Amino acid sequence: VIVDDNPRSLELLSSALKIEGLRIFTAEDPEEGLALIRQHHPQVVLTDLVMPKLTGMDVLQQTLEFDPTVDVILMTAHYSTESAVEAIRHGASDYVNKPVSISALRAKVSQLLDHHRRRLGLDIPGNDFEEFEGMVGQSPAMREMGLYIRRIAPHYRAVLVTGPTGTGKDLVARALHRLSPVSRTGRLVVLNCSAVVETLFESELFGHVKGSFTGATQDKPGLFEHADGGTLFLDEIGDMPMSTQAKLLRALQNQEILRVGSLTPRKVSVRVIAATHRDLQQSILDKTFREDLYYRLSMVEIRVPRLSERVEDLPLLIRTFLKKFSGQFGKRVTGLTRKAELALESHLWPGNVRELENAIGQACMMAVTDKIDISDLPEYLRGAPARAAAVTTSNGAVTLEEQEKHLILKALEQSNGNQSQAARILNVGRDALRYKMKKHGIQ
Ligand SMILES: Nc1ncnc2c1ncn2[C@@H]1O[C@H](COP(=O)(O)OP(=O)(O)OP(=O)(O)O)[C@@H](O)[C@H]1O
Ligand SMILES: [Mg+2]
C-alpha cells in the first residue's frame, strides 16, 4: 500500500515498484490508505510524512497497531536525522528522502519482501543458523536487536550501547559503523575511556595547540578530527570524567570542537557510539554521569541482552566457538559429552558470551578425544551451579587465578604427574611451574 497526497508522486512510485508478483494499492487520502491496509493486509506500506488530516507518523502508528509485522517506510522531503531516528524508534522500517531514488527504493522493497518470506521459513528445522555481522544467535532477542541495528544504522548520530560485560557491545558498535553510510567516507576510531588519564582526556578527544600545556610541543588533532566523516566509538563511556562529559555534549550538539588552547571552533561530522556495562541511571544518581549527556546519547539505546536471557543461543554459540578453537589448536573437537553439555546448560554465565568463549577455549585445549568431557571444563563449571558463584568476581569474570590453577592441574593429570612434561604442555619453564604449583597449594 502506498499513501501519498500528491497524485503525481503516487503514480511515479507505483510504476517504479512494478515488481514481479507484487500487488500495489494506492491512496491519496491517509484514512483511505489505512482502510486499504486493513482490507488487504500488505507486507510493506509506503507513506508520505506530511499530509493533510493524518501524518505519516499516524499511518505508521495505526498500521503497527493493526499488525506489528508490517514494514512501514516513511518518505519525506524534509529529512533530518532527528525525525528519521524518531520514526525508526516508533517502529518504521526505513525513512527515505524525497525525491526518492527509484532503484534504491526497489532494492529496499525487494529486500523487505524477501525478509518476510524468510521470516515465514524460520521454523523449518535445520534453518537455525543465524549470523549477523560477526554475531551469532537465533533467539528472538538477538534477531530483534539485529533488525533494529540494521534499521537505525543509516540514520543515527549518537547511539548508546548498554549491557553487562561480555555480551557483545563491541561487536554491536562495529556493526553499527559498518552498516552506516559513513563506513565509506570515514573510519571507526575507538577510544576506551577507562584507559585515559583524566588530565589528558580533553586533548585526546579534541586535540590541542602548541604550548597549551606543559608537554604540548606542537599542534595535535584529537580523535574527533581523526574520525571526521566517520564514527567515534567511546567505549566505557561511564568512566569518562564529568568535565569531559560536558565538552562531549557540546561537541555532539554543535558538531564542532575546540582544540585545547584554541579559540577557533572546527566543524566536524562525526557519529558517536558510546558503550558501557554500567547502569548510567545509577551513575546519574551517584553524580558521576551527566543527565543531559545521558538523554542526548540514549535517544537511541541498544540494550544487549545477557546470555541467560537468550539460552536458545547457547548451542549455536558453543558450536561456533568449538569450530574456532579446534581450528586454532589444530584439533578435531566436534562436540560435547552429555555431562559437559549439562554443566554448560546449568551455568548462569555471569560473564556472558566472553565467559562461554573462554570456557570452550580452555576445554578445547584440554580435550583428548573429539568430544569435550566434563573433566575438560574449567573446574568451577564442573560442580553444582551454586559453586560457580564463589569463584567469579563481582563483575562476573572468572578469576585468572582459578583458570591458571585449573590449567596446571589438568596438565599434571595429562602428564601423570611428570612436572617437566606438564611444563612443556603449558609452555612454561619448570621453575615457573613449580613456583605456581606452590602458590596454588598443588602438591
Ligand atoms: N553473539 C556473539 N557471537 C559470537 N561471539 C560473540 C557474540 N557476542 C560476543 N561475542 C564474543 O564475546 C567476546 C566479548 O564480546 P565483547 O567484547 O563485544 O563484549 P562487551 O559487551 O564489549 O564486554 P565489556 O563490557 O566487558 O567490554 C568477544 O570475543 C566477542 O567476539
Ligand atoms: Mg567492550
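Ligand 1 sits in the second largest pocket. Here, "sits in" asks for more than half of the molecule's atoms within 2 Å of the pocket's grid points; a pocket is an open set of points on a 1 Å grid over the protein atoms alone where a 1.4 Å probe fits, with protein on both sides within 12 Å along at least five of seven lines.

This is a predicted model, with pLDDT of at least 70 needed for local features and 80 or more for side-chain atom pairs, while totals for chains, interfaces and linings use all residues. Residues are numbered from 1 along each chain as its sequence is written, chains are lettered from A and ligands numbered from 1 in the order written, and side-chain values use heavy atoms, without hydrogens or water.

**Exercise 1.** Find the residues that come nearest to ligand 1, and the elements that supply its shell.

*Step 1.* Of the 19 residues around ligand 1 (a heavy atom within 4 Å), the nearest are Val136, Thr165, Gly166, Lys169 and Glu357.

*Step 2.* Now the elements, which are DSSP runs numbered from the N terminus (helices: H or I, at least four residues; strands: E, at least two). At least two shell residues each come from β7 (135–136), α7 (169–178), α13 (314–328) and α15 (352–366).

**Exercise 2.** List polar contacts of ligand 1 (N or O pairs within 3.5 Å), then look at its cover.

*Step 1.* Glu357 brings in a polar side-chain atom, 2.7 Å from a ligand oxygen.

*Step 2.* On its own, ligand 1 has 640 Å² of accessible area (Shrake-Rupley, 1.4 Å probe), and the protein covers 84% of that.

**Exercise 3.** Is Thr167 buried or exposed?

*Step 1.* Thr167 counts as buried because its relative accessibility is 4%; the cut-offs are under 20% for buried and over 50% for exposed, with partly exposed in between (1.4 Å probe, protein chains only).

*Step 2.* A polar atom of the Thr167 side chain is 2.7 Å from the backbone oxygen of Pro164.

**Exercise 4.** Sort out the two faces of helix α1 and its N-terminal end.

*Step 1.* In α1 (residues 7–16), Ser9, Leu10, Leu13, Ser14 and Ala16 are buried. They share one side of α1 because they cover an arc of only 160° around the axis, taken from the axis-to-C-beta directions.

*Step 2.* Exposed Arg8 and Glu11 are on the face turned away from that buried side.

*Step 3.* Asn6 caps the N-terminal end, with a side-chain oxygen 2.9 Å from the backbone nitrogen of Arg8.

Conventions: A polar contact is a pair of N or O atoms within 3.5 Å; within protein, one must be able to donate a hydrogen and the other to accept it, and residues adjacent in sequence count only if both atoms are side-chain atoms. On a 1 Å grid over the protein atoms alone, a cavity is a set of points where a 1.4 Å probe fits but cannot get out, and a pocket is an open set with protein on both sides within 12 Å along at least five of seven lines; lining residues have an atom within 4 Å of a point.
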